Amino acid sequence: MNARGSGLRERKKQLARQQISDVATRLFLERGFDEVTIAEVAEAAGVAKMTVTNYFPRKEDLVFDQHAELVSHAAEAIAARESGESALAALHRAYFAALDVRAASVGLAGEGFVKMITGSPALLARLREIDEQREAAIAATLAAETSAAVDDITVAVAAAQLAAVHRVLFRQALRMTLEGRTRADTIDELSGMARQAFAQLEPSLSRYAVR
């Protein structure tokens with residue numbers, strides 16, 4: 001298959017995946033995550049149950065359809081840091097860039113969607129797994145960038161601190177949404193929290209993993 005044909009096929013797959021996720025999210029919002037089965041999602045989307053599970057092996061990932069971005073965003077920002085920039089500074093810059101475009105990685109979502117997540121033990125557990133995967137991705141990148149072992153204590157502690165900033169800010173975004181804050185107020189408050197959070201790490205990490 002030529003590149004054009006391969007690209008078209010991939011776009012069709014992405015569209016199909018997005019359609020299934022959109023249908024599933026609508027059903028989950030209407031009836032609750034735990035009340036909807038994979039078979040019902042497949043029927044509503046007009047596809048076979050196997051098609052749903054091929055795209056989404058876990059039911060929770062029908063909700064977190066951008067989980068790959070949630071996991072990789074921070075590590076990719078570190079790997080792409082500029083000359084003279086530390087891992088901390090790169091994450092600081094990347095967070096505000098993501099906030100500017102309302103990216104999934106900062107936790108901005110509609111109130112119904114947030115209530116669905118926070119009201120489901122299964123989805124909260126999956127969110128914790130994503131947090132752990134993000135931390136592991138950061139650690140792997142820091143190890144590669146500093147020529148250290150991935151289980152080196154400096155790498156492990158730095159990754160834990162950097163991942164914690166994203167985790168805390170993400171949860172703050174969810175909290176403010178549940179409180180009924182406007183999107184503008186939430187973004188404004190997140191900006192202040194982010195500046196404070198990254199500043200708190202500067203004494204220990206401002207000179208770490210500088211390119």
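Colleague: Starting with histidine 73, is that one buried or exposed?
Modeller: Histidine 73 counts as buried, because its relative accessibility is 18% and the cut-off for buried is under 20%. Keep in mind that this is a predicted model.

Colleague: Which helix is histidine 73 in?
Modeller: Histidine 73 sits in helix H4.

Colleague: And what does histidine 73 touch, leaving aside neighbours within four places in sequence?
Modeller: With those neighbours set aside, histidine 73 is in contact with Ala94, Ala98, Ser105 and His166.

Colleague: Let me step back. How many helices and strands does the protein have?
Modeller: There are nine helices and zero strands. Going along the sequence, the pattern reads α-α-α-α-α-α-α-α-α.

Colleague: What does the C-alpha trace span?
Modeller: Along the principal axes, the C-alpha trace spans about 55 × 50 × 30 Å.

Colleague: What share of the residues counts as buried?
Modeller: Of the 211 residues, 42% count as buried. The protein exposes about 10,900 Å², and carbon and sulfur atoms supply 52% of that area.

Colleague: Which residues have the most contacts inside the largest nonpolar core?
Modeller: Tyr95, Leu99, Ile138, Leu142, Leu162 and Phe198 have the most contacts inside that core, which has 36 residues. At least two core residues come from each of helix H4 (67-79), helix H5 (87-100), helix H7 (121-146), helix H8 (153-178) and helix H9 (183-205).

Colleague: Which helix gives the largest share of this core?
Modeller: H8 does, with nine residues.

Colleague: Take leucine 142 from that list. What is leucine 142 in contact with?
Modeller: Beyond its neighbours within four places in sequence, leucine 142 is in contact with Ile78, Ala87, Val155, Ala158, Ala159, Leu162, Tyr208 and Ala209. There is also a second, separate core of 27 residues, and Ala45, Phe64, Val71 and Ala109 are included in that second core.

Colleague: Why would nonpolar side chains be buried together?
Modeller: As a general matter, that is what nonpolar side chains tend to do in soluble globular proteins.

Colleague: Over to H6. Which residues are buried there?
Modeller: Val114, Met116 and Ile117 are buried in H6. They lie on the same side of H6, because the arc they cover around the axis is only 155°.

Colleague: Where does H6 run, and what about valine 114 in it?
Modeller: Helix H6 covers residues 111-118, and valine 114 is within it. Valine 114 has 0% relative accessibility and therefore counts as buried. Not counting residues up to four places away in sequence, valine 114 touches Ala109, Leu174, Thr177 and Leu178.

Colleague: How many residues separate valine 114 and leucine 174 in sequence?
Modeller: They are 60 residues apart in sequence, while the C-alpha to C-alpha distance is 6.3 Å. For the protein as a whole, 69% of the contacts with a separation of 6 or more are between residues 24 or more positions apart.

Colleague: What does glutamate 60 touch?
Modeller: Not counting residues up to four places away in sequence, glutamate 60 touches Phe33, Ala122, Leu123 and Arg126.

Methods:
Residues are numbered from 1 along each chain as its sequence is written. This is a predicted model: local features need pLDDT of at least 70, side-chain atom pairs count only at pLDDT 80 or more; totals for chains, interfaces and linings use all residues. Side-chain values use heavy atoms; hydrogens and water are left out. A nonpolar core is a set of buried Ala, Val, Leu, Ile, Met, Phe, Trp, Tyr and Cys residues joined through side-chain atoms within 4.5 Å. Buried means under 20% relative accessible area, exposed over 50%, partly exposed in between (1.4 Å probe, protein chains only). Helices (H or I, at least four residues) and strands (E, at least two) are DSSP runs, numbered from the N terminus. Contact means heavy atoms within 4.5 Å. Accessible areas come from the Shrake-Rupley method with a 1.4 Å probe; for residues, only the protein chains shown count as cover. The arc is that of the directions from the helix axis to the C-beta atoms.
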